[in-house]
4 protein chains.
Amino acid sequence: MNIVTPKIELIASTTLTNTVEGGPKIEDWMSLDPDATDAECLVEEAGRGCYESWDKPNPKTARNADYISRTAFEMQHGSILEHASATFRFSGVSRAWLMEMERHRHLSWSVVSQRYVDAATFGVVIPPAIREETGSIAYHSALEGPASEALEWWSGDAMWHYEVLAHRLHSEGLPRKQAREAARSVLPNCTEVRGVVTGNLRAWSTILPLRAHPSADREMQEVSMLILDALEPVAPTVVNHLRYQIAYPGKETA
Amino acid sequence: MNIVTPKIELIASTTLTNTVEGGPKIEDWMSLDPDATDAECLVEEAGRGCYESWDKPNPKTARNADYISRTAFEMQHGSILEHASATFRFSGVSRAWLMEMERHRHLSWSVVSQRYVDAATFGVVIPPAIREETGSIAYHSALEGPASEALEWWSGDAMWHYEVLAHRLHSEGLPRKQAREAARSVLPNCTEVRGVVTGNLRAWSTILPLRAHPSADREMQEVSMLILDALEPVAPTVVNHLRYQIAYPGKETA
Amino acid sequence: MNIVTPKIELIASTTLTNTVEGGPKIEDWMSLDPDATDAECLVEEAGRGCYESWDKPNPKTARNADYISRTAFEMQHGSILEHASATFRFSGVSRAWLMEMERHRHLSWSVVSQRYVDAATFGVVIPPAIREETGSIAYHSALEGPASEALEWWSGDAMWHYEVLAHRLHSEGLPRKQAREAARSVLPNCTEVRGVVTGNLRAWSTILPLRAHPSADREMQEVSMLILDALEPVAPTVVNHLRYQIAYPGKETA
Amino acid sequence: MNIVTPKIELIASTTLTNTVEGGPKIEDWMSLDPDATDAECLVEEAGRGCYESWDKPNPKTARNADYISRTAFEMQHGSILEHASATFRFSGVSRAWLMEMERHRHLSWSVVSQRYVDAATFGVVIPPAIREETGSIAYHSALEGPASEALEWWSGDAMWHYEVLAHRLHSEGLPRKQAREAARSVLPNCTEVRGVVTGNLRAWSTILPLRAHPSADREMQEVSMLILDALEPVAPTVVNHLRYQIAYPGKETA
């Protein structure tokens, strides 16, 4: 078995047509702060449109970062965060992680199918507590050593059963998709899942602090912090607030 | 290991206050058809309110069943189906089933936690293709016989690893929740999940035909038909239409 | 014009099959508190299922009201509130109210159509600030007196224009629906809207404190309190918490 | 009064990090079709990830446009359309339009507030049927002429009442926001609304054919076609399918 670790890559995000080469230029866009990202400019533009406060009379919110801090976080006008989104490609995360993340309704998922794709290509994800465990007491007749080695060995065994089952059902006449669909029943929670996930800034702002919280599953915590890192170039002010909320649970703003 | 089979029980649904003993009686409710269920009366009441067509001038839709067929299905005014909901208790279904069902955003789930509850109480769900498979070729050194027996044996092995891992991590100092959270990494897709799920009639109308379709996972198909059976006392006209759509995919109405 | 005031009636809610006469009895339901409502029993049942804590070992949460306070509010396990819902018939509220309420995505609406129904039957909703205003300075050539009388007079004028426009367009050959669709362009925000709205307890718990907040539109505040009153027989513990949050904004629990 | 007409401008959309100058380059991105837009490349990438069909073995779907037609429309694998979104700035549309559009839950709105912004800046939207009406029968004591002139005149009258009410309530001691909140009760459906709306390609694909359908409100139809035009540079293949569905209601694909 191939031990894999989580990998989160930003592959797409919302950009202004002004930014795209050859795109139409919006002359009358009032709220462009040269220091701000496209995503956070769009959030400000949408927010100022509600009050048509284009002239930025309040110096405390003249800068984009201050505007977003004040409006989206202090005033909790969270809907303006919905206009910009970020898409990540992920791998090296477990089916247990996916099962919990899918519960959030405002993310969009495209995930490798266990019915269509041969599971032999999937790695095994070692949970943090097992990865860090340093015990060396034998727990399996075939193995002495740390739990992570046992899990790796066991995952290989599960994969062997998967392959035998899929082959046997297919050779007995089932189409390959239906053979894999049945054989996947042995695949464990630690089986790697790969895919693409998209969420807008409001969705990420709701989900990441919840899933980075100390009471969350530890893999969830780790991956949430990786998503936060990957989101930072798109929405640095938002990420800054989320890091604060994660560091000081229960507090919205500094 | 305990082999389990799917069980779906209706435990709650929407009823009219008129129906509840001692409840307030709505005198001016015009659309009560004595042959209709509470849920489908409510759908009709909501629909007629859009047009304030209380006097039922059209004999073709004077009966509740005809009204719902015409309005919610032929005219595709699906939003009126959202007012009534049904809650089911389920058991004997697999984590693979849950993973796919959770993707639908309009159901509400409360599911037994693999982090809090000892997995030793969970049964094993044999996929239909393996359940029906009658081969007897040995595929494991320890076993000759049909695949279902192999899967049962193997699930027991997975559970043994789960218990050893959970015990070992807990005895090394991890709180029980965190020990189980790590140990659950070996639990396979065929592990039973139990819980409660609620959906309104529009959600069930969207999801059940998709998941009862011949191209869906076979466990999904079987469980969708069980949900349909359990939904029938709540919404017989709706279920009648869904059965038709399932029998004749691509057709909305007879 | 007919001045109307808001009216909110509970017309349906979630009940247990156990409660319905002749319904199937769930013998193994462990969490039924005889003092609790069906909706709140269902919430507890769903919540306990996540931990399979049927035996209620914690005396602090043995009563249903304590369980819901602790789990859904203190621990913020809000998803269990999604299983029970309540449906209200409403009238005497304005289109301005509807426009803001519709923004919440988790309510289900069936509302009288301005395209199908003759607006002559709609009343006029006087906003609280105008209703209470006691000035008597003339502001219209045709009127001296308080603003509420001016608004009532003016709404009658708007309705007159609506009727003339609808009649004229229809007599020039437009079908009645299209004539009304165009003529409704003169109908003001204070035009009454009637209909049916359904939400689960989590939706109401999110929306009502926001819309009863002193910074909300005053009509929104008033109607939110009426919905709260109507919801109380369905979910008294939940309503108790919401009243607390409304009285002490920013605090989740006592 | 200022008569306004609908204006829809694309102001932002999803782009690949590969495209952004200085952005990280994804070397192993297999599905980039040089003729495709960023948004539709992302949709293909997400879709191929479900089957890990990177090698494009099927020549019928080797081109991006063919892949999207086949997968998202013929096979109805609509979830892959959720990864890319488009944001439009709009003006010159009516409150009646907004009320209907808001009912769709998968759009994100930031709209000019009638509580914070002086309504004197809002134009009047003449419905298509009134705009085109050529009658010249007097219908108001103060006016002979086509209905559009009458509506314009009447909207000016409504605005006058709004301003008098807002001024009077403010001068009697109400804060400006609360004075406008009450005074807006006279603003009619034909009052202009301006703002920003974001939707992903699946949301637009669901909503635009519904709202461009001949049975929809005529302003809805017109504005839907304008949104379609503005969406075309982002997602030409998707728009092509939607135009087909609009031209041939009930057909998904050619």
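This is a predicted model: local features need pLDDT of at least 70, side-chain atom pairs count only at pLDDT 80 or more; totals for chains, interfaces and linings use all residues.
**Stop 1: helix H2 of chain D**

Select residues 64–74 of chain D, which form helix H2. Color the buried residues: Asn64(D), Tyr67(D), Ile68(D), Ser69(D), Thr71(D), Ala72(D) and Phe73(D).

**Stop 2: the end of the helix**

Step just past H2(D) and select Gln76(D). Check its backbone: Gln76(D) has a positive phi of about 55°.

**Stop 3: where chain B meets chain D**

Show chains B and D together. How many residues of chain B are in contact with chain D? The count is 4, and they touch 4 residues of chain D. The two chains bury about 280 Å² between them. Carbon and sulfur atoms account for 24% of that area.

Next, select Glu82(B), Arg105(B) and His106(B). These residues lose the most area to chain D. Together they make up 93% of what the chain B side buries.

**Stop 4: the charged pairs**

Stay at this interface and look for salt bridges. There are 2 between chain B and chain D. For one of them, select Glu82(D) and Arg105(B). Their side chains meet at 2.7 Å, N to O.

Chains B and D also have 2 residue pairs in polar contact. Finally, sort the chain B residues that touch chain D by type: 3 are charged, 1 is polar and none is nonpolar.

Conventions: Residues are numbered from 1 along each chain as its sequence is written. Chains are lettered from A and ligands numbered from 1 in the order in which they are written. Side-chain values use heavy atoms; hydrogens and water are left out. Buried means under 20% relative accessible area, exposed over 50%, partly exposed in between (1.4 Å probe, protein chains only). Helices (H or I, at least four residues) and strands (E, at least two) are DSSP runs, numbered from the N terminus. Contact means heavy atoms within 4.5 Å. Buried area is the accessible area (1.4 Å probe) that two parts lose on being put together, summed over both. A salt bridge is a side-chain nitrogen of Lys or Arg within 4 Å of a carboxyl oxygen of Asp or Glu. A polar contact is a pair of N or O atoms within 3.5 Å; within protein, one must be able to donate a hydrogen and the other to accept it, and residues adjacent in sequence count only if both atoms are side-chain atoms. Ala, Val, Leu, Ile, Met, Phe, Trp, Tyr, Cys and Pro count as nonpolar, Asp, Glu, Lys and Arg as charged, and the others, Gly among them, as polar.
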